[in-house]
Amino acid sequence: MAAALPSSPPTWFRIVALLAVLWNAFGVAMYLSSVGIFGDPMAGLSEAERAAASSIPSWITGAFAIGTFAGLIGSLGLVLRKSWAVPVLIVSLVALLVLEGWIMFFSGALEIFGVVVPIMVSIGAILLAWFAIEARRRGWLSQPEARPAPDA
């Protein structure tokens, strides 16, 4: 049995999905930079910035990785119009809210790095998860094929 074909989304849906891929690709690049893939992540930081960066627990770095990579994968799912994009983007949202919540309320890093980026990332993740849920509701994302129940 074939999955129901989704209705055709408007052009703006494709534009937003592509912008989400770019936004999340930037997030992945920021994560990779923060763990030293592109060189010393501490280069050019002040002493206060180095101390703040050094105090980040590994579980927060893990939340950063999950949030950014899930965001990129979920955004690619939107471009491909796949319904699995919704739970992936929700995982990204939860991970990024953990990260940004820690930064804003527990790290003390706001005095050094500011509040703008954590708020922008949080709002962006919330809007992207809502966008995916709404796209699924409107039938713009494919639904997984129904499998017949096994005989008892």
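A residue counts as buried when its relative accessible area is under 20%, as exposed when over 50%, and as partly exposed in between, with a 1.4 Å probe and protein chains only. At 19% relative accessibility, Arg 81 therefore counts as buried. Arg 81 sits in the loop between α3 and α4, and its phi is near 60°, a positive value in a residue other than glycine.

The model is predicted: local features need pLDDT of at least 70, side-chain atom pairs count only at pLDDT 80 or more, and totals for chains, interfaces and linings use all residues. Residues are numbered from 1 along each chain as its sequence is written, and side-chain values use heavy atoms, with hydrogens and water left out.

**Fold and packing**

The protein has six helices and zero strands; helices (H or I, at least four residues) and strands (E, at least two) are DSSP runs, numbered from the N terminus. Of the 152 residues, 34% are buried. With contact meaning heavy atoms within 4.5 Å, 73% of the contacts between residues at least 6 apart in sequence join residues at least 24 apart.

The expected span of a helix is 1.5 Å times one less than its number of residues. The 21 residues of α4 should therefore span 30 Å, and its end C-alpha atoms are 29 Å apart, which agrees. Buried residues of α4 include Leu 89, Ser 92, Leu 93, Leu 96, Leu 99, Glu 100 and Trp 102. The buried residues of this helix pack against α3 and α6.

A nonpolar core is a set of buried Ala, Val, Leu, Ile, Met, Phe, Trp, Tyr and Cys residues joined through side-chain atoms within 4.5 Å. The largest such core has 13 residues, and Phe 13, Leu 78, Leu 128 and Leu 141 have the most contacts inside it. At least two residues of this core come from each of α1, α4 and α6, with the largest share, four residues, from α6. Ile 60, Leu 93, Leu 96 and Leu 99 are among the twelve residues of a second, separate core.

**Pocket and cavity**

On a 1 Å grid over the protein atoms alone, a cavity is a set of points where a 1.4 Å probe fits but cannot get out, and a pocket is an open set with protein on both sides within 12 Å along at least five of seven lines; lining residues have an atom within 4 Å of a point. Grid points are joined across faces, edges and corners, and a volume is the space filled by probe spheres set on the points. For the linings, Ala, Val, Leu, Ile, Met, Phe, Trp, Tyr, Cys and Pro count as nonpolar, Asp, Glu, Lys and Arg as charged, and the others, Gly among them, as polar.

| Space | Volume | Lining by class |
|---|---|---|
| Largest pocket | about 1,100 Å³ | 22 nonpolar, seven polar, one charged residues |
| Largest cavity | about 50 Å³ | seven nonpolar, four polar, no charged residues |

Of the 30 residues that line the largest pocket, Met 30, Ser 34, Phe 64, Ile 103 and Val 117 lie nearest its centre. Helices α1 (11–34), α2 (47–54), α3 (58–79), α4 (85–105) and α6 (116–137) each give two or more residues to this lining. The most, seven residues, come from α1.

There is one cavity of 30 Å³ or more. Its lining includes Trp 23, Asn 24, Gly 71, Leu 89, Leu 93, Leu 96 and Leu 128, and α1, α4 and α6 each supply at least two of the lining residues. Asn 24 belongs to helix α1 and is buried, with a relative accessible area of 7%. Leaving aside neighbours within four places in sequence, Asn 24 is in contact with Thr 68, Gly 71, Leu 72, Ser 75 and Leu 128.
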